[in-house]
Amino acid sequence: RLKDQRQLFLFPHKTPYDNSRHFNELAINRQVFFAILVCVVETEENAVLLKTMPRRIGRERKEGFEMIATQNAADKTQKFLDDFKVSKPVIGLPGLGWDTPEMAAAVSNAGGLGVLHIGFKTEEEIERDVAKVRSLTDKPFAVLMFPQKESILDAEKLRLQDTALSPLREDLGCTAVRPISAPLFDNQFRKIVELKVPAVGLRLGGLREPYMEELEANGTPVFGIASNLRDAKVLVSSGVNAVVAAGWAEEGLLSHEEISKDQAEIDSLVLWSECARALRVPVLGAGSITTQDQVRVLKALGLAGFMLSDALLLVKESPIPDSWRTKVMYLADSASEMTDTFMGRASRYLSNGFAQIFPEKGLPVLQFPYQYFALKDIFDKALEIGRIDLALLEVGQYVYLAESGTTADIINKFCGYWSEA
């Protein structure tokens, strides 16, 4: 009976269940199916189901459940550790609105790869923040960049925004003249080369060949964040050392460089599995990872490690005010939303009153990255005075499960989950 059920589930067209060629042609992904089985094998009855699974899966022949992934995940984990010179297979990426040099350094000191956002920073700010990280750690860290993109500042849209938001700015005391300009990518790149940063991260696409060749010549490893398999493959083709597969639940900007935004709304489980199967470089999973079960699934799918974001929100080193920490613990799974209000393109943030102003008033949204710079004075003031209803906080869908402690506590806990999986 179990054999018939398995054949019906996996092979509705009645092909032999142990035929690996047909198995590879199925739309259902075998790694996802096996990961589900791994998660449910808690009873003797389920163990019987495991025993009925075919012994030959995919192109390689190995005994039992040793081949959940098609390639050796342990080797890829070691490659990530070797390339980025870290001791733990974890990247720590605090979201915009609560990222600091102190947090990047704390992750690196705990054995992971701490990440410093520099995508919106000037050369002077990059030099200042990199120096701060280096004053706090002698371990490797990375800087996260946005590859150069063509965008235009629409003066009329900016005027409409400023007119509608002027009463709010007066109430907050945001009266200073603010520059609305984006840093030049070439200048940012020259600065990180000059500073000899240990590693580079990319979000929203890959770098052109001359940039990658220079980083490679300098021995600088690169990872890229992708929200879909096509973007991930482009990153690999560009020469990155590792890919972070960031599912729909993950905080921050959604990567949809090669496909539409709607097509890029991909569930974490599907994305992790497909990237682990299809990419030759180490793949780390991201998707608002805050639980042991998520880490177990990542390892079962054959990924090389994971990226923590939301899990770090309430750590001791986080800059968010104490008044916000209690509120975060009472959030629900609907507390974040995907919106273009803060950045000018799809990104996941804490849903608050300010996020609703634009759709309610029908205000226009500027192109990325000008939307961020047009509102930056409000975001900065909100953090300063503790107004979470006006804050820019990149958080994912499981942020309400974040726990307090030091950064080292959280890193060690999740790496413990990884070792036990």
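Trainee: Is Cys 275 buried or exposed in this predicted model?

Mentor: A residue counts as buried when its relative accessible area is under 20%. Cys 275 has a relative accessibility of 0%. That value is under the cut-off, so Cys 275 is buried.

Trainee: And Cys 415, buried or exposed?

Mentor: The same cut-off of under 20% applies. Cys 415 has a relative accessible area of 8%, so Cys 415 also counts as buried.

Trainee: How many disulfides does the structure hold?

Mentor: A disulfide needs two cysteine sulfur atoms within 2.5 Å of each other. The number of such pairs in the structure is 0.

Trainee: What is the relative accessibility class of Glu 102?

Mentor: Glu 102 is part of helix H6, which covers residues 101-109. Its relative accessibility is 33%. Buried needs under 20% and exposed needs over 50%, so Glu 102 is partly exposed.

Trainee: Which helix gives the most to the lining of the largest pocket?

Mentor: The largest pocket has a volume of about 850 Å³ and is lined by 38 residues, with Phe 120, Glu 125, Tyr 372, Lys 376 and Asp 380 nearest its centre. Helices H7 (123-136), H9 (185-195) and H16 (370-385) each supply at least two lining residues. The one that gives the most, with 8 residues, is H16.

Trainee: How many residues of that lining are nonpolar, polar and charged?

Mentor: Tyr counts as nonpolar, while Glu, Lys and Asp count as charged. Sorted in this way, the lining of the largest pocket has 20 nonpolar, 8 polar and 10 charged residues.

Trainee: What is the mean pLDDT of the protein?

Mentor: The pLDDT is the predictor's confidence in each residue, and 83% of the residues reach 70 or more. Over residues 1-32 the pLDDT is below 50, and this stretch has 51 contacts in the model beyond near neighbours in sequence. Residues 34-71 are also below 50, with 57 such contacts. For the protein, the mean pLDDT is 85.

Notes: Residues are numbered from 1 along each chain as its sequence is written. This is a predicted model: local features need pLDDT of at least 70, side-chain atom pairs count only at pLDDT 80 or more; totals for chains, interfaces and linings use all residues. Side-chain values use heavy atoms; hydrogens and water are left out. pLDDT is the predictor's confidence in each residue, from 0 to 100. Contact means heavy atoms within 4.5 Å. On a 1 Å grid over the protein atoms alone, a cavity is a set of points where a 1.4 Å probe fits but cannot get out, and a pocket is an open set with protein on both sides within 12 Å along at least five of seven lines; lining residues have an atom within 4 Å of a point. Grid points are joined across faces, edges and corners, and a volume is the space filled by probe spheres set on the points. Helices (H or I, at least four residues) and strands (E, at least two) are DSSP runs, numbered from the N terminus. Buried means under 20% relative accessible area, exposed over 50%, partly exposed in between (1.4 Å probe, protein chains only).
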